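This report concerns the metal sites and the domain arrangement of one protein model. The sequence and structure are shown first.

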Amino acid sequence: MNFELKQLSLASLHQQKTEILLVLIDDNHLASSHEPQSAIEQAVSRALQKAHLEPKAGKTLTLWNVPGVKANPVILAHCGLGTAKQVRQAVTAAAKEAKTAIPECKHLSLYLPSIAQERVPSAMQALSESLYVYTTTKPSAKSASLATAVLCVEPLFKGSLDQTALQEAFDEGKARVLGMNFTKEWSNRPSNHATPTHLGQAAKTLTSYKKIDVQVLGPKEVAKLGMGSFMSVAQGSNEPLRFIVMHYKGAADKSPPVVLIGKGITFDTGGISLKPGAGMDEMKFDMCGAATVLGVFKSLGELSPKINVIGLIPACENMPDGKSIKPGDVVTSMSGQTIEILNTDAEGRLILCDALTYARRFKPSLVLDMATLTGACIIALGHLRSGLFTPNDELAQALLAAGERTLDPCWRLPLDEEYAEGLKSNFADTANIGDRSAGSITAAKFLERFTQGLNWAHLDIAGTAWKSSGPGKGATARPLPMVLSFLIDQAKQSKPTLPAPKAHASQGSKKAPQSLSSKKLGKTTAKR
Ligand code: BES
Ligand code: MN
Ligand code: ZN
């Protein structure tokens, strides 16, 4: 879908040449508007006065054949006080009506009143999401995809947003939806259309952006790096693993990058610790973290913010096979720490830990990993908020705030050292699972063992990366909105680097695990 921005007042909206016109109306409409003159203004006043349009966010009214108006139909949608959530509600409801009105509509326009001008990215996202159709393995669905959406905003007046801010919001919205659609595309593809090799190719397509470079490592290079933990997951599959390294250069070379890591299990059967059959198809989504990193890079390519970002994607399948890793096997991670794999279904952390170790070479300002890591996170937080883990309070606040402002919220969970108790092993430096309790936290505690000295945050997106049912069944592209917004915010700050992680009384771990001695770290860095 192609977005255009236009400044057009409600009074002249009747002239807009478009198939369907969506008009957002807010609580202040009647109070603030002058005597209605134009066709749309009159239609809106009538609808409100006769209560055909209920004054409640998300309520809609479809009007056909409005005299003097080029578009047909006109769909009115109430957005209450114009909060981001209400704008999303209104746009979503209006888009649903639009799809019913003209299923094969190719050109529609969305009018935003002054009050909603600061919600431009939210409105664009809601529209794009409501009209999204996945077509790669269902080409027959193509006819339902929209070609152009024109965003008509009330012309700016003194005291409202300035032109630059409006343009910036529009550019951010556009970059966001393009990135999200890229994320959705790769998340939704079934595993035979989204192998590790395919993901590597998808990343390579992003090198069409001037500031993006991509290297895709295969099994030999990964073996050379000593990623024994990552390799052990991949060894049961006929699909060769890929380790994707992406560079976005938006700032001076000396500016330390943010490293984003995405879990790229293109299918998770559980391995020898096989998952039950029911619903296993959904494990094609176990690479949503990876797809989010790909999407964020697409957004960065579009938007060109002044920041350096590295994207790391360990990608492989988790399969049962004669060559598979077995429960009780011990592997050596890139950090040197040995891991007893008590459950082969806890594979996400096994590929992420080596990516975390690899991240060190970039001397990053911070490392953020995204992973559909634990079913336990769905039990804890459901499908509304992603799980956020970090020992750094300041980083937590910045990520939480980005989640709130983009309606892509997360919730912080604790990292007390006691939660790592269950990871103790008599046969290796660490086990890959604890007991059943607090499963998301033990998973995070496992990852934390590979982050000493890094400024690190982890997002468990098991409950938020896709929807299992309903009209929006499929990938959500979360947490792209929050991560992109966070990065844009970092780029705008004069000092984009957050301070080094502080030791926390209850959250941080002060003591490095024995096997991750400074000597070992030095060795790892020396491999550059
Ligand atoms: N990919 C799954 C987590 C998952 C499950 C995400 C269901 C979304 C929906 C992950 O690899 C996994 O299997 N985790 C196990 C960990 C357990 C063995 C400690 C889980 O959550 O059951
Ligand atoms: Mn698993
Ligand atoms: Zn998994």
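How far apart are the zinc ion (ligand 3) and the manganese ion (ligand 2), and which residue coordinates both? The two ions are 3.1 Å apart, and Asp-268 is the residue that coordinates both.

The model is predicted: local features require pLDDT of at least 70 and side-chain atom pairs count only at pLDDT 80 or more, while totals for chains, interfaces and linings use all residues. Residues are numbered from 1 along each chain as written, chains are lettered from A and ligands numbered from 1 in the order written, and side-chain values use heavy atoms, without hydrogens and water.

**Metal sites**

Donors are N, O and S atoms within 2.8 Å of the metal (3.2 Å for Na, K and Ca); water is not among the atoms, so sites may look incomplete. The table sets out the protein donors of each ion.

| Ion | Protein donors | Distance | Sequence spacing |
|---|---|---|---|
| Zinc ion (ligand 3) | Lys-263 (NZ), Asp-268 (OD), Asp-286 (OD), Glu-347 (OE) | 2.0 to 2.4 Å | K-x4-D-x17-D-x60-E |
| Manganese ion (ligand 2) | Asp-268 (OD), Asp-345 (O), Asp-345 (OD), Glu-347 (OE) | 2.0 to 2.2 Å | D-x76-D-x1-E |

The six donor atoms of the zinc ion (ligand 3) form an octahedral site, with angles of 78 to 175 degrees. Around the manganese ion (ligand 2), the six donor atoms subtend angles of 72 to 169 degrees, and the arrangement is irregular.

Burial is judged by relative accessible area (buried under 20%, exposed over 50%, partly exposed in between; 1.4 Å probe, protein chains only). Lys-263 is buried at 2%, as is Asp-286 at 1%. Glu-347 is likewise buried at 1%, whereas Asp-345 is partly exposed at 23%.

**Domains**

An automatic or database domain assignment supplies the bounds, dividing the protein chain into domain 1 (2-161) and domain 2 (184-511). Their centres, taken over C-alpha atoms, are separated by 38 Å. Contact (heavy atoms within 4.5 Å) links nine residues of domain 1 with 10 residues of domain 2.

Buried area is the accessible area (1.4 Å probe) that two parts lose on being put together, summed over both. The two domains bury about 840 Å² between them, with 54% of it on carbon and sulfur atoms. Tyr-132, Tyr-134 and Thr-136 supply 46% of the area that domain 1 buries against domain 2, more than any other three residues.

Key:
Tetrahedral: all angles 85-135°; square planar, octahedral: opposite > 155°, others 65-115°.
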